[in-house]
Amino acid sequence: MPFRAHLALVIFLPLLALGAVIAVGYVIPIPHFGREYVLRFLLPDQIEKYGLPEVLGPRDSSLPLVVIDAGHGGRDPGAVGEGIREKDVTLALATALRDELIAQGGVRVAMTRDDDRLLSLEERPDIARRLDADLFISIHADSAGEPSEVSGASLYTLSNRASSAAAARFARRENDADRLNGISIEGQDAEVNAILVELSQRYSREESIEFARLITREGEGRITFLPPALRAADLVVLRTPDMPSVLFESGFVTSADDAQRLLSPEGRQAFANVLTSAIKAYFVRQGLD
Ligand SMILES: [Zn+2]
C-alpha cells in the first residue's frame with residue numbers, strides 16, 4: 001500500500017468510527033470513578049415551572065398543614081412489580097389520604113404532586129418547607145427484586161446510620177431516583193445537604209419518630225407491618241431540619257398480597273384512615289389541633 005493510502009486510513013478510520021458512534025447514539029460508556037463522577041444536569045425546577053401546590057382544606061392558616069408526597073412519577077416509575085408501578089400506587093394512596101384529611105377537617109393539606117410528574121428528591125421537602133408545613137409524609141413502596149412472599153408496610157425516619165442491611169438497601173434504591181440512567185439530577189450542593197442533615201437530626205428527629213410510632217399504634221390490626229415496623233435510613237427526601245418527616249413504605253409491589261391490597265379501594269381507605277388518625281393524634285399532642 002502506498003504511503004498516502006496509509007495516511008488516509010490513519011486519518012479517516014477514526015473519523016469513520018466516531019461517525020458510526022454518533023450515528024447509533026453515543027454508546028461510548030462513561031468511565032466510573034465513584035459516585036461523584038457523574039454527568040450532572042438540573043431537573044427543570046418544577047416549583048418555578050408550576051408554582052407551589054395549592055393548600056387545600058379550611059382557609060384558616062392557624063390550622064396545621066400536612067404535605068403529602070407521592071414518591072416517584074413521570075419517567076421514574078419507582079419499583080415495578082407484576083402489573084403494578086410504585087409511582088401509581090404512591091399517587092393513589094396520597095390522593096386517598098388527602099381526601100380523608102379534607103373530609104375529616106381540622107387540618108390543611110397539600111400534595112407535592114397530584115399528577116404523573118417527576119420532582120427531584122430535594123424539591124419534595126422543599127415544597128413543604130416553602131409552604132411552612134408542620135408535617136411531611138413521603139409515600140413509597142418497596143420491591144423484593146422478584147415476585148416473593150415478602151410483604152407488609154414499614155416506616156422510615158432519617159438517620160445517618162441505617163437500622164439494618166435491608167434499610168440501607170431501601171435507602172440506596174430510593175436515593176437513586178435522582179440518578180436516572182446513571183445521570184445525577186441533584187440540585188443542591190453537598191455542603192448544604194450535610195448541614196441540613198446535621199440540623200435535622202438534632203431538631204426534628206424525635207418528633208419524626210414520635211409520629212411514626214403513632215402510625216404503628218393506629219395501624220395495629222388495620223395495616224400489616226413487616227417487622228421491625230420502625231426503621232431508620234439516610235433518605236434524601238427526609239432531610240428536613242425544620243419539620244418532622246416520615247417515609248411510609250406501603251408494601252411490596254413484588255408481593256401478590258400487597259399488590260392486591262394497594263390496588264383495592266378498601267386497602268387505600270384503610271391506609272387513609274390509619275394515617276389520618278395518626279396525624280390528628282400527633283397534632284393533638286403538639287397542641288396544634
Ligand atoms: Zn420509592
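This is a predicted model: local features need pLDDT of at least 70, side-chain atom pairs count only at pLDDT 80 or more; totals for chains, interfaces and linings use all residues.

Q: Which residue of E8 does His-140 stand opposite?
A: His-140 faces Glu-249 in E8. Glu-249 is also the bridge partner of Ser-154.

Q: And in what sense do E6 and E8 pair, parallel or antiparallel?
A: Antiparallel: strand E6 (residues 153–158) and E8 are joined by three bridges.

Q: How do strands in a sheet hold on to each other anyway?
A: Strands of a sheet pair through backbone hydrogen bonds, and the pairing can be parallel or antiparallel.

Q: So what's the strand order in the sheet?
A: The order is E4-E1-E5-E8-E6-E7, in an open sheet of six strands with mixed pairing. Strand E4 (108–111) and strand E7 (225–233) are the edge strands, each pairing on one side only. From one strand to the next, the twist averages 20 degrees.

Q: Which helices pack on that sheet?
A: Helix H3, residues 86–104, packs on the sheet and touches E1, E4, E5 and E8. The direction of H3 makes about 145 degrees with that of E5. Helix H7, residues 205–219, packs on the sheet too, touching E5, E6, E7 and E8. The direction of H7 makes about 170 degrees with that of E6.

Q: Okay, new topic: E6 and E7. How many bridges join them?
A: Five bridges join E6 to E7, and the two run parallel. In that pairing, Leu-155 stands opposite Leu-230 in E7.

Q: What kind of peptide bond joins Pro-227 and Pro-228?
A: A cis peptide bond, with omega about -10 degrees. Pro-228 is found in strand E7.

Q: Now helices. Why is H4 described as largely enclosed?
A: Because six of the eight residues of helix H4 (residues 123–130) are buried, H4 is largely enclosed by the rest of the structure. The buried ones are Glu-123, Arg-124, Pro-125, Asp-126, Ile-127 and Ala-128.

Q: What covers them?
A: The cover includes helix H2 (46–50), strand E1 (65–70), E5 and E8.

Q: What comes after H4?
A: Asp-132 follows H4, in the loop between H4 and E5. Asp-132 is not a glycine, yet its phi is positive, about 60 degrees.

Q: Is Asp-132 buried or exposed?
A: Exposed, because Asp-132 has 12 C-beta neighbours inside 10 Å, and 12 or fewer counts as exposed. His-72 also has a positive phi, near 60 degrees, and sits in the loop between E1 and strand E2 (80–81). But His-72 is buried, because 25 other C-beta atoms lie within 10 Å.

Q: Which residues of the largest nonpolar core touch the most other members?
A: Those are Val-66, Val-67, Ile-68, Leu-97, Leu-135 and Leu-235, out of 61 residues in that core.

Q: What is Val-67 in contact with, beyond its neighbours within four places in sequence?
A: Val-67 is in contact with Ala-110, Thr-112, Ile-127, Ala-128, Leu-131, Ala-133 and Phe-136.

Q: Where does Gly-267 lie?
A: Gly-267 lies in helix H9, residues 265–286. Gly-267 counts as buried because it has 21 C-beta neighbours inside 10 Å. Not counting residues up to four places away in sequence, Gly-267 touches Arg-261 and Leu-262.

Q: And how far apart are Gly-267 and Leu-93?
A: They are 174 residues apart in sequence, but 9.1 Å apart in space, C-alpha to C-alpha.

Terms used:
Residues are numbered from 1 along each chain as its sequence is written. Helices (H or I, at least four residues) and strands (E, at least two) are DSSP runs, numbered from the N terminus. A residue is buried if 20 or more other C-beta atoms lie within 10 Å of its own, exposed if 12 or fewer, and partly exposed in between; C-beta atoms are placed from the backbone. Two residues are in contact if their C-beta atoms, placed from the backbone, lie within 7 Å. Two strands pair if DSSP finds at least two bridges between them. Axes are lines fitted to C-alpha atoms, for helices over the stretch in contact, and angles run from 0 to 180 degrees between N-to-C directions. A nonpolar core is a set of buried Ala, Val, Leu, Ile, Met, Phe, Trp, Tyr and Cys residues joined through C-beta atoms within 7 Å.
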